[in-house]
Amino acid sequence: MLSRVAESVYWMNRYMERAENYSRFLDVNFQLSLDLNEDSNRQWMPLVYTTGDNELFSRKYNIPSKENVIHFMSLDIENPNSIMNCLIRARENARTVRENISTPMWEVINEFYLTIKSKRKFEESDMPGIAEFFKAIRNQCLLFYGCQEATISHDEVWHFALLGRLLERADKTTRILDMKYFILLPSREEVGSTLDLIQWLSLLKSASAHEMFNRFYTRITPKNIAEFLILDKIFPRAIRFCLSKTFDSLKILSGTDKDSYGDETEKRVGVLLSEMNYASIDEIFSSGMHEYLDQLQVRLNGIAAQLDETYFRN
Amino acid sequence: MLLTNYQTDSFYDEMFSEEGGIRQSYHILKSRIEGMDDKELLKRKASAEKALLSLGITFNVYGDEEEEERIMPFDIIPRIVTSFEWKKMEEGLKQRIRALNLFIQDIYGDEKIIKDGVIPAEIVYSSSGYLKECKGIKPPKGIWIHITGTDLVRDGDGQMLVLEDNLRCPSGVSYVLENREVMKKTFPELFASLSVRPIYDYPIRLRGMLEHLSDKPNPNIGVLTPGIYNSAYYEHSFLASRMGVPLVEGTDLTVRDDKLYMRTTKGLKQVDVLYRRIDDTFMDPKTFRKDSLLGVPGIFEVFKKGNVALANAPGTGVADDKVIYSYVPDFIKYYLGEEPIIPNVPTYLCSREKDLKYVCENIGNLVVKAANGAGGYGMIIGPVASEKEKEEFVEKVKADPRNYIAQPVLSLSRIPTLIEDKLEGRHVDLRPFILYGEEIYVMPGGLTRVALRRGSLVVNSSQGGGSKDTWVMG
């Protein structure tokens, strides 16, 4: 397939995944703000840090109020990663590869865009319906994945789509975990309190991981949550799961057998994955959780850059 | 209901005869419309438009940032052509394409037609579509114009005339195909009773034609687009998709060792046939416009060496020139020894002194067009222009007479069109699409473009025109 097409399919999926993650983050934070009776501004800025767009935010807005952060992350056209921009770019990528995707897939993305493109700003009157708004966005993204899964051949196009989605997802999971860990851990005196529980729960919800976590763990503790979101083998938002599926797709694309590797991307993913296969959460905690997540992010970025070099820059 | 108060206003109407009676071919359609209540028709129109929007069948309008994408307004009252009438059009179009192809081959070859004095050399050489770089080239199978969209109009007497030939990158065929799908949902009951000729095989025929241009058993084909900001991008992607071939941009292609390749995730892959939707001079910055970022450096050389087939071949734009157009009836006589089956619109050439004088004095009654204008730009319609506009245009024409032609204002035929909640007559033209491969194929029907503004004669989509489905019967 054309390198440009592979690149567009990859980015189309990264942007959709990003939009979905943002809508989930915002929704969960919004729900959390209803449960907390403290200065709510304190709670919104970390979300912006998670996205890495904090400098742009600070230049544009005076205070990290709920309204400002929601606007910035969802509709702000000047924020290159806002949900709106993700959607515009996902759709633009879809347009450039229409002949490689199915009509239902295109229709999902196009109708999605048409329904939200006229929304410029949230009014106070939108607030009661805002959870619905985020849910609708999340559902559209899920509809897109489902449609993609069910209507296109699982050939090269499909694998590049998966790569975009998985790498974005792994990245967002490291970020949300890092951010929450950073703000939540200092509240040591409140360990076991209702507040603490609510906040840790919100972290799980940010990764849509609440129910699955409960199925495998009996206690909500930082270590358990970190273990689940970093090292779980079968939960689809866990970083190890994402890397393992990334590895599978890369293998199929390069055609090399499991004991050798065809290119640098495959090698990097393979090395990282085997490290994770032999990692334990205790080691991660004792070596420093933040440092570990930071490293992970750097390596994920390296993988994405290498992928770009290997497949898109022919 | 809707048709009771319909007025033909003494124009030639596609559906009603002068006496106000219904033309035979429209009988069934008329009774179907009359059997519907008004709301039903509006409902069907709305659902047709929604389908087009949701499919993203849109075009981009240059310089219009607010509404960068629009659907082409689509009218659900079809235009119906009898098989008898179609046969004549089809033959006329085939004849024209044959003659045009021979002409292009000749002027880049032996130039017999110039030597025999049928067309002056300077007219040919001064055409902006004439590419001296094509001199001596013989494209695969001797075919230059693989895809043509010829614009036909019907004048006040009901006679069909050729308004212009579009040989560079004629667009609109995707609308024809998509409109038809929508119409099958809108009026399913009519298709069987009128035995409307199908058109869905166009992309298959297009692909077959492109394959014919290569001697390889399974040639690699691509559609070359300038990209998503091009007004016809939807069409490029649609055709690539329906043919099952990659849609490529200039940056996807590269020339190595006199061959053309596309960049794939598995390295370079040779391209044998390219349906290009980029104008000649943007195609290769090495040979033509140095500033073009859309094309592929070196592609022209690959074409010249016979290592890639390009459709349409470079250089065909010479016959899009409206001055050259006026000679096409002479080409038909010269190359084929036949009388033209479909006549041209009478045309004044401003490069002729006598014609120039006439045009300047009578601009108020004429349509004056730039020889290489397109899309309704670079033209003036005398009867609706202000004095100042006319004076300014006369100056332009005098400054560059070679670049202008003039034609009488035609009273284009009209057809009932749903305007808000009632049917009104609107002017139309017709663009059939013709493929030249192993044989010449004319798609039965074509794009009927309709001027939606009351009284307007401008049907271009960029000027607010819409489209209708065209049904060729049996």
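These exercises with worked solutions concern a predicted model, in particular chain B and the interface between chain A and chain B.

**Exercise 1.** State how many residues take part in the interface between chain A and chain B, and how much area is buried there.

*Solution.* Start with the contacts: 23 residues of chain A touch 25 residues of chain B. Next take the area, which is about 2,100 Å² buried between the two chains, with 43% of that coming from carbon and sulfur atoms. On the chain A side, A:Leu2, A:Arg95 and A:Glu99 lose the most area to chain B, and together they make up 31% of what that side buries.

**Exercise 2.** Describe the polar links between the chains and the parts of chain A that face chain B.

*Solution.* Between chain A and chain B there are 3 salt bridges. A salt bridge joins the side chains of A:Arg4 and B:Asp252, at 2.5 Å from N to O. Helix 1 (3–35), helix 5 (83–96), helix 6 (103–116) and helix 8 (156–184) of chain A each give two or more residues to the side that touches chain B. Helix 6 of chain A gives the most, with 6 residues. By class, that side of chain A holds 9 nonpolar, 5 polar and 9 charged residues.

**Exercise 3.** Decide whether chain B is as compact as a globular protein of its length.

*Solution.* Chain B has 14 helices and 22 strands. Its radius of gyration is 22 Å, close to the 23 Å from the globule rule for 474 residues, so chain B is as compact as a globular protein of that length. Of its 474 residues, 59% count as buried.

Technical notes: Residues are numbered from 1 along each chain as its sequence is written. Chains are lettered from A and ligands numbered from 1 in the order in which they are written. This is a predicted model: local features need pLDDT of at least 70, side-chain atom pairs count only at pLDDT 80 or more; totals for chains, interfaces and linings use all residues. Side-chain values use heavy atoms; hydrogens and water are left out. Contact means heavy atoms within 4.5 Å. Buried area is the accessible area (1.4 Å probe) that two parts lose on being put together, summed over both. A salt bridge is a side-chain nitrogen of Lys or Arg within 4 Å of a carboxyl oxygen of Asp or Glu. A polar contact is a pair of N or O atoms within 3.5 Å; within protein, one must be able to donate a hydrogen and the other to accept it, and residues adjacent in sequence count only if both atoms are side-chain atoms. Helices (H or I, at least four residues) and strands (E, at least two) are DSSP runs, numbered from the N terminus. Ala, Val, Leu, Ile, Met, Phe, Trp, Tyr, Cys and Pro count as nonpolar, Asp, Glu, Lys and Arg as charged, and the others, Gly among them, as polar. The radius of gyration is taken over C-alpha atoms; the globule rule is 2.2 Å times the number of residues to the power 0.38. Buried means under 20% relative accessible area, exposed over 50%, partly exposed in between (1.4 Å probe, protein chains only).
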